[in-house]
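Open your viewer and get ready to select a few things in turn. This tour tells you where to click next and what you will find there.

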Amino acid sequence: MRAAPEWLAPSSLEEALALLAERGDEALPLAGGTFLAALLNQRLIEPACLLSLARIAALGGIEGGEELRLGAMARHRDVELSPLVREGWPAVARAFGVVASPRVRNQATVGGVLADADYASDPPAMLCALGARAVARSAAGVREIPVEELITGYYETSLRPDELIVEVRVPRADRAVYRKFRTRSHEDRPCVAVAAARRGAETRVVVGAVAGRPQHFPELCRDGDAAEIGRRYADAIEPIADVRGSAAYRKRVIAVEVRRALEELAT
Amino acid sequence: MSRESILLGRVRYSQDRELPGMLHARVLRSPYPHARIVRVDASAVPARAVALTPDDVRGLGVYGCQIQDQTVLALDRALHAGDPVAAVAAATPDEAEDALALIEVEYEELPAVSDLEEALAGSVLVHERIRISDNDAAYFGIRPEQGTNVCHRFRILHGDFEVGLEQADVVIEETFRTPAAQHAPMEPHACLARWEGGRLELWTGTHTPFNVRSDLARVFGLAEEDVRVVVPPMGGSFGAKTFVHLEALTAALARKAGRPVRCVLPRSEEWVTNNRHPALLTVKIGATADGTLVAKRVDSWIDTGAYADCGPGVAQKIGYSAVGPYRIPHVHVESRCVYTNRPPNGAFRGFGATQAAWASERAMDLLADRLGLDPLELRLRNVLRDGDVFCTGETVRDVHFAECLERAAAAIDWGQGRSGKGLCVLLKGMQTPSRAQIAVEAADGGGYTIRCATAELGQGSRRALTLVASELLGAPLSEISFPDPDTDIVPYDTRATSSRSTYMMGNALEEAVRELRKDGRRGVGEFRNSGGLDPDTGQGVASSHWHQGAAAAEVRVDEETGLVEVVRLHAAVYAGRVVNPPGAELQNEGSMIMGLGSALFEAVSFADGQVVNANLSDYQIPSIADIPDGLTHDLLTKPGAEVHGLGETALPPVPAAIGNALGSLGIQTTELPLMPETVLAAIDRRDGGGVR
Ligand SMILES: Cc1cc2nc3c(=O)[nH]c(=O)nc-3n(C[C@H](O)[C@H](O)[C@H](O)COP(=O)(O)OP(=O)(O)OC[C@H]3O[C@@H](n4cnc5c(N)ncnc54)[C@H](O)[C@@H]3O)c2cc1C
């Protein structure tokens, strides 16, 4: 019979990082719990201790400037509704705003959605397209990890067990769009997600929910019209098959949705 | 049960019932779709937990509401992935689950029947012999085909199909499929059992307390009076909680433990306990050039899984529902219920009418297309009207199919262009024959008590009957109480299914109140409907009155991805007289929303005989965000008319209405659900010129 996990609830970041340095392998950070609670309830994981981030004020907050700063504990709903985000980074507000339902968005956090690295999440593709960086801290120091390099595969990240995501920094773009293509309920995760951003002469297109990590091919975006780039993405990606669609179907949708994202970006 | 108490979480459902000293049960299930059970060893389970193994239940009776094919645990063979092979009761659910891991089971895998085609090939028999049940749910003449996997065959012979076909100028033949679906009620199956002085007492969410009682009496060799079934309100059911599911196993555990035991299914186990029947229907229909139907043949096969449950009944209802509410002189129907090594399938809101309407009404639109006729015109030309004879030989009365169709069509502006629009009309029977009894007592402290077996599953039956009682008694609602049904106290009722309770019990109540007036203390009323069908000819009385409805849908299709957006959806349902208007409206809306799920994305998926989407993320049901802005409905009423049940009518016509809306764009689909991928394939067929 398992024992209930030990409950750690530090009130400062330093304390949390010290605990992680000491017990990184057995202490699991708990943010909004929308991902972890399902695993715990089904007993798919049985951690020795849970490290709640809820009391750490330094992890909250949303601030603007040259870059947008999203605290790791900012909730999806906060990002979605923030006037600052809507004004300066409307596509980010949208990508967080189309996640699941208000119930989930009131709880799910910015750090949680990046750290769980679910292949079918919405925000990662958008953050990749904007060239966002996660700021990771440990007792030993700080480093910035481009979101593109943070998520390395299905539920895998380049975070070390003693590190916490403390915030995400999102540069501005001239224009950005996010398109979520669902095949079932409106509260479903995407079957295909396309994020596109334009900054000066550079256009970035990232496709989410079709493989272990967001799919980005800078060389395919350099020339050609929207339809051509869509076809190239469809050719370049080896999509997975799941309950939301087969691999062959996803390829067709990628071509269409990338084209539509680029057309929208051009308006 | 007031709305406040529901919203505030004060209602105590079966899963909340407790008794002193109660243990919690968990079930060990076969990982294989078909396997010989060589050995079950529970010796490692600690003494403070109680393990139930096949040897404990070998001597108990066999049960099954229509076919006796179930034992309390799988004895020598496990017949589906998820079949219970052992169970444990312990102080907490987690402790019980930990103990399951200590039970060793040795299996020898056997070849499995994974779908209808394999079942009909017959090289593997799921059951060696098929024994018809003596439960009163097996009332309709069950026709097993021994030595095959067909546990029931229902037939309709009306006129002479071959002769009729010769008169046809146009004939359509097509095959349609519907997948398994999951009911997904908020409260899973839950049951609490206790033995008291040799009597078995159960608190269980079920629509069928008397059928459960007789099956359990059989299993334990008791007199029916020595089994007591109490039915707390259910947190939803949609048909999932009809007949025995957890009850036998929980009772056997409680007997072995010598203590009360409660079993609440974890969500994932719902998908291996009861689903909707997958169906395969081939429809051949012929008409003369002016659009008069002359002949129809339906061949239907439903997959009932490893245990028949009420599958034979579903096959019978599909048999006549798939003919549809039409005047057709020559009809031949063969409807079979087939075993496979899949989890059992049973009653699901609509009881076969959804699968039947999907096939029958899609075929009508294909026929209209071939004839070059407006689909509404074709239907109105052939639809049953008062005094017409149905394929069962019965004369229909008080029918309003034409009016339902016209109302539904008008709601989506049918007259102003038909592109992207589709219709479906529905006929659904009510349990016939059946019997309902109800008692009304004058309570000691004033006021009245209703004693009746009608279960509350969220459909609002208690409220509806309390309203009727209040009117008949001339007493305010606050003076009428309606305790949980208890088979020790309430008089007999067939069951709370097929949208019959308000109608049947409402009628019985009138007599009960008259009797109470005479007696002063207690009055009992009874209402029966009579009829039934010959299983070999389908002739007789299918239904003492008809559930009637129609749906109309308007869609927009993203032709590059196949994504369907339902812009408008309207259901028109004949209600006769409405007892509880808000309740009636909610039934219509709930049915339509459930229909949307079936139409667009709900399907239980299997790989290697295992359910692979047994959670509410991989299996999705509609959310509030999926409801079209244009979701509307009508209740057709008639002064002085009978009450008509409304629990199901607006669901079955929804998928076919949406399928027909796609058909109007040349997108011809035959298989549910209408996932974008399926629709895109149909668009490809259309554009490739290969459309049938
Ligand atoms: C019903 C439902 C529907 C959903 N639909 C969608 C959808 O449509 N689109 C979508 O994008 N997502 C969807 N999700 C996923 C949801 O957005 C994620 O579960 C959520 O973002 C995770 O955040 P959390 O704060 O709840 O994380 P938690 O569950 O608390 O944690 C998730 C993981 O991240 C780790 N972690 C959390 N914070 C940090 C940190 N600061 N540093 C390091 N590690 C950390 C935890 O240890 C854990 O491993 C859905 C979830 C549910 C339950």
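## First stop: the ligand

Select Ile165(A): one of its backbone N or O atoms lies 2.9 Å from a nitrogen atom of the ligand, a polar contact (a pair of N or O atoms within 3.5 Å; within protein, one must be able to donate a hydrogen and the other to accept it, and residues adjacent in sequence count only if both atoms are side-chain atoms). On its own the ligand has 970 Å² of accessible area, and the protein covers 87% of this; such areas come from the Shrake-Rupley method with a 1.4 Å probe, and for residues only the protein chains shown count as cover.

Before you go on, note that this is a predicted model, in which local features need pLDDT of at least 70, side-chain atom pairs count only at pLDDT 80 or more, and totals for chains, interfaces and linings use all residues. Residues are numbered from 1 along each chain as its sequence is written, chains are lettered from A and ligands numbered from 1 in the order in which they are written, and side-chain values use heavy atoms, with hydrogens and water left out.

Stay with the ligand and click on Leu36(A), where a polar backbone atom is 2.8 Å from a ligand oxygen. At Ala100(A), a polar backbone atom is 3.1 Å from an oxygen of the ligand.

Now show the shell around the ligand. Which residues come nearest? They are Pro29(A), Gly33(A), Thr34(A), Thr109(A) and Asp122(A), out of 31 residues around the ligand (near means a heavy atom within 4 Å). Helix H7 of chain A gives the largest share, five residues. (Helices, H or I of at least four residues, and strands, E of at least two, are DSSP runs numbered from the N terminus.)

## Second stop: a sheet in chain B

Move to chain B, which averages a pLDDT of 95 (the predictor's confidence in each residue, from 0 to 100). Here three strands form an open, antiparallel sheet in the order E4-E2-E6; strands pair if DSSP finds at least two bridges between them. Strands E4 (77–78) and E6 (104–109) of chain B are the edges, each pairing on one side only. Two bridges join E2 (residues 35–41) to E4(B), and Ala35(B) stands opposite Ala78(B).

## Last stop: Leu635(B)

Select Leu635(B) in strand E29 (residues 630–637) of chain B. Among the residues it touches are Val573(B), Ala584(B) and Leu646(B), not counting residues up to four places away in sequence (contact means heavy atoms within 4.5 Å).
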